[in-house]
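Work through the exercises below with the sequence and the model side by side. Try each task before reading its solution.

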Amino acid sequence: MSTTQSSGLSGRRQQAAQNDGIILDAAREVFLADPKAPVSAVAKRAGVGISALYRRYPGKEDLLRHLCHEGLRRYNAEAEAALQEPDAAAAFTGFVERVVDADVHSLTVHLAGTFTPTAEMGADAMRANELATTLLSRAKDAGAVREDAVPQDIGLALEACSAIRAPDATRTRELRRRVLAMLLRTLSTVEDAPLPGPAPRPGELSGRWKPEN
């Protein structure tokens with residue numbers, strides 16, 4: 001949580017909110033680098049005591065779940081905002097650009113299968129698919145996206161962009177936006193040749209969220 005978001009709080013609550021934001025930022029950095037890293041590495045990166053971290057997140061799975069759920073909520077919030085925009089083509093493009101900038105799908109690629117998702121996460125994941133389907137359908141109706149594109153293609157494009165990492169954040173964003181523009185061009189009606197191979201099936205990639213034995 002940012003300083004602006006927590007400015008309405010005071011005393012211990014404000015400090016707790018700030019600490020939680022620091023912990024989540026640290027957890028994101030640590031687990032994207034090494035999903036098997038211990039919670040102690042997160043506490044060290046955040047500069048907090050391990051007891052302070054455990055008071056907020058009783059175990060590593062709790063922390064991983066919260067981290068990924070926050071990313072899922074961000075995705076849904078961006079999609080819902082895009083659906084309020086009257087220009088369907090611009091709304092679709094703006095949505096995927098914002099999600100790429102938020103780096104939501106790096107969590108999907110690195111952390112899927114490392115924890116047991118909750119029923120609430122499952123419901124939000126279904127909502128995410130519904131929102132993506134609606135956004136894509138609107139973009140097709142506007143003539144901005146090819147008819148053979150499916151919602152799962154959006155996820156594949158976002159994951160492809162998340163794999164790009166440069167030494168600094170600015171360059172990473174530039175390169176991801178460049179690749180995204182190329183991918184969006186492929187999904188647009190500019191390309192007439194059919195996409196190769198069968199499209200991803202609904203639920204085909206969701207199995208990776210099942211915890212590893």
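This is a predicted model: local features need pLDDT of at least 70, side-chain atom pairs count only at pLDDT 80 or more; totals for chains, interfaces and linings use all residues.

Residues are numbered from 1 along each chain as its sequence is written, and side-chain values use heavy atoms, with hydrogens and water left out.

**Exercise 1. The whole protein**

Task: State how many helices and strands the protein has, and how much of it is buried.

Solution. 
- Start with the elements. Helices (H or I, at least four residues) and strands (E, at least two) are DSSP runs, numbered from the N terminus.
- The protein has 10 helices and 0 strands. Along the sequence the pattern reads α-α-α-α-α-α-α-α-α-α.
- Next, burial. Buried means under 20% relative accessible area, exposed means over 50%, and partly exposed lies in between (1.4 Å probe, protein chains only).
- Of the 213 residues, 39% are buried.
- Now the surface. Areas come from the Shrake-Rupley method with a 1.4 Å probe, and for residues only the protein chains shown count as cover.
- The accessible surface is about 12,000 Å², and 53% of that belongs to carbon and sulfur atoms.
- Last, contacts, meaning heavy atoms within 4.5 Å. Among contacts with a separation of 6 or more, 70% join residues 24 or more positions apart.

**Exercise 2. Helices α6 and α8**

Task: Describe how α6 packs with α8.

Solution. 
- Two packed helices are described by the angle between their axes and the distance between the axes.
- Axes are lines fitted to C-alpha atoms, for helices over the stretch in contact; angles run from 0 to 180 degrees between N-to-C directions.
- Helix α6 covers residues 88–102 and helix α8 covers residues 119–141; they pack at about 140 degrees, with axes 8 Å apart.
- Therefore α6 is oblique to α8. Angles under 35 degrees count as roughly parallel, over 145 as roughly antiparallel, 65 to 115 as roughly perpendicular, and the rest as oblique.
- The crossing is left-handed: the near helix is turned anticlockwise from the far one by less than a right angle (clockwise would be right-handed).
- A88, A91, F92 and F95 in α6 meet L135, L136, R138 and A139 in α8.
- These contact residues divide into 7 nonpolar, no polar and 1 charged. Ala, Val, Leu, Ile, Met, Phe, Trp, Tyr, Cys and Pro count as nonpolar, Asp, Glu, Lys and Arg as charged, and the others, Gly among them, as polar.

**Exercise 3. Helices α8 and α9**

Task: Classify the angle between α8 and α9, then list the residues that meet.

Solution. 
- Helix α9 covers residues 151–162, and packs with α8 at about 100 degrees, with axes 8 Å apart.
- So α8 and α9 are roughly perpendicular to each other.
- From α8 come N129, A132, T133 and L136; from α9 come P151, Q152 and I154.
- The contact residues of α8 with α9 divide into 4 nonpolar, 3 polar and no charged.

**Exercise 4. Helices α5 and α7**

Task: Give the angle, the handedness and the residues of the α5 and α7 pair.

Solution. 
- The axes of α5 and α7 come within 9 Å and cross at roughly 140 degrees.
- That makes α5 oblique to α7. The crossing is left-handed.
- L64, L67, C68, G71, R74 and Y75 in α5 meet V104, H105, L107 and L111 in α7.
- By class, the contact of α5 with α7 has 7 nonpolar, 2 polar and 1 charged residues.

**Exercise 5. Single residues**

Task: Decide whether N76, A26, D103 and A125 are buried, partly exposed or exposed.

Solution. 
- N76 lies in helix α5 (residues 60–83). Its relative accessibility is 5%, so N76 is buried. Leaving aside neighbours within four places in sequence, N76 is in contact with D124, R127, A128 and L131.
- A26 lies in helix α2 (residues 11–33). A26 is buried, at 4%. Not counting residues up to four places away in sequence, A26 touches V42, R45 and A46.
- D103 lies in the loop between α6 and α7 (104–111). D103 is buried, at 10%. Its phi is near 60 degrees, a positive value in a residue other than glycine.
- A125 lies in helix α8. At 38%, A125 counts as partly exposed. The C-alpha atoms of A125 and L72 are separated by 7.1 Å, yet the two residues are 53 residues apart along the chain.
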